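The following report describes selected local features of one protein structure.

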Amino acid sequence: MTTDFTTLGTAATAWDAMAGKFESLRTTYEKKVPSTTTSGVWLGQAQQVAAPRFAVTRNEYSNAQIQARAVAALLRDAETLFTELRGKVKAAVDEAVAAGMKVSEGGNASFDFSKVDAATAKAARHDPDLAEVERSWTRRIQQAVDAFEEADHGVKLALVDAVTGTNFNDGTFGGFNGSRPYPSLAAAAKAESMPKDRAKVADWWRSLDAVTRGILVEEQGDALKKAGILDPAYQWRQADPGAGGFGTEEPTAHDSYLLAQGEAMLAGGDFIGNTEASRNLAHYLGGTGTTLRLDIDRAMSDDGSFRASIVSDISNHQEQWKQEALDAFEKSGGAPVSIPVETTAVGGTFEDRNWYLGVGSHMRNVSGNVSVVPDADGQPKITMDYQVNVWDRYNWDAGKETPIGPFTVRDTDMARLHTVGLAQEFDMQGSSSAKQHDLGGADAPVVPAGDPGRDGTRKDPSRGEEENR
């Protein structure tokens, strides 16, 4: 409780000074040492061995600067954090004392009988709630102490990370850590707390600051994209009630005929290549009602108009996204940054016959991240990682007829199968694999055709579920 935390700030100043000295050493080294291997005076095997070694040393001087400044920043954060948390411990103790408690060195609160008259002391001793009041004050003090101890442990881990080299391909073993430091201890703690539940990953990602996201993209970009950082914030909801309640009527003999007709349509759809339409119909007739995953990479391969709509979606937003990312890059002082982006969800209709029959009208959007990193000259290089998302509800619209293969069926009849419990409507959704677009110019994006995956029919359940999806 009496520790002088200003010594942390003093130490931070010393670490900053050390970083400045490393910078001077690097400048001197770069001017005088590597040139000995390129002047033409020193030739031979020793010169050939020395050149790459000199490059490693020069890089270590740069990494030493980064590490020293990272330690300095952590120490300053720690001084501020520890001072604040100690204040909360003292406040909790003061409030307990003001409420009539005394607090032991171990943080246990108990009623202070020495400060009250005999009558009050007698009443307190016979108060059945006194023990719980004392425990509540003890818990409150302990919570403040626990927060301090947790922060102390976090600072220790952060300092260890800051001085631990993570690049095993830089020619050193246990060298200086040249990784970019997080903006603050709080940012570092958030960066290490990615949820295990994919449904929560995108929200966690959006809660980070732009620089922290930039560091994570540089260090773990591919793994983070697989974990779900590109997933949309948009929450799709069914637009209409479809055929209504499931199984609300008793099936008739005619309904059994309709079911048989629907099953015959599956073979017809497969025969003429409408495998997506057949697959979705089979899921409907299966009656589970579970959400079906749409293979959006295959849709992007099959339907050129769908790809064109995605180009339009990105083009309508890319200048705004680019400016937001450049503003964040400037604010960061030229450090890598990443910002989450997302188009407004809009309605569309597939034109490819197979996808029109299988999905038809749908909602779609594009979600991802725009990242800016400095190039070799310190100029911003802007890229966008994104995925395409599609949602729909599989149901049948009254008043329409749908041909699949040699069969034509009234939508009203197929909808009735849901009402009598012989089939069941379901949600459909899917996202493409991660794509990348260079935002450095003003050109419209070139959205690549998706990987169609391997061939197969609705009876091949793993088609469209390959590892690259």
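In which helix is aspartate 152 found? Aspartate 152 lies in helix H4 (residues 130-162), where helices are DSSP runs of H or I with at least four residues and strands are runs of E with at least two, numbered from the N terminus. The model is predicted, so local features need pLDDT of at least 70 and side-chain atom pairs count only at pLDDT 80 or more, while totals for chains, interfaces and linings use all residues. Residues are numbered from 1 along each chain as its sequence is written, and side-chain values use heavy atoms, with hydrogens and water left out.

Aspartate 152 is partly exposed, with a relative accessible area of 41%; buried means under 20%, exposed over 50%, and partly exposed in between (1.4 Å probe, protein chains only).

Helix H14 (residues 411-419) is largely enclosed by the rest of the structure, because 7 of its 9 residues are buried. The buried residues include Asp411, Met414, Leu417 and His418. Glycine 421 follows H14 and has a positive phi, near 85 degrees.

Arginine 364, in strand S6 (residues 361-374), is buried, with a relative accessible area of 9%. Serine 433 occupies the loop between strand S10 (426-431) and strand S11 (435-438). The C-alpha atoms of serine 433 and aspartate 295 are separated by 9.6 Å, although these residues are 138 residues apart along the chain.
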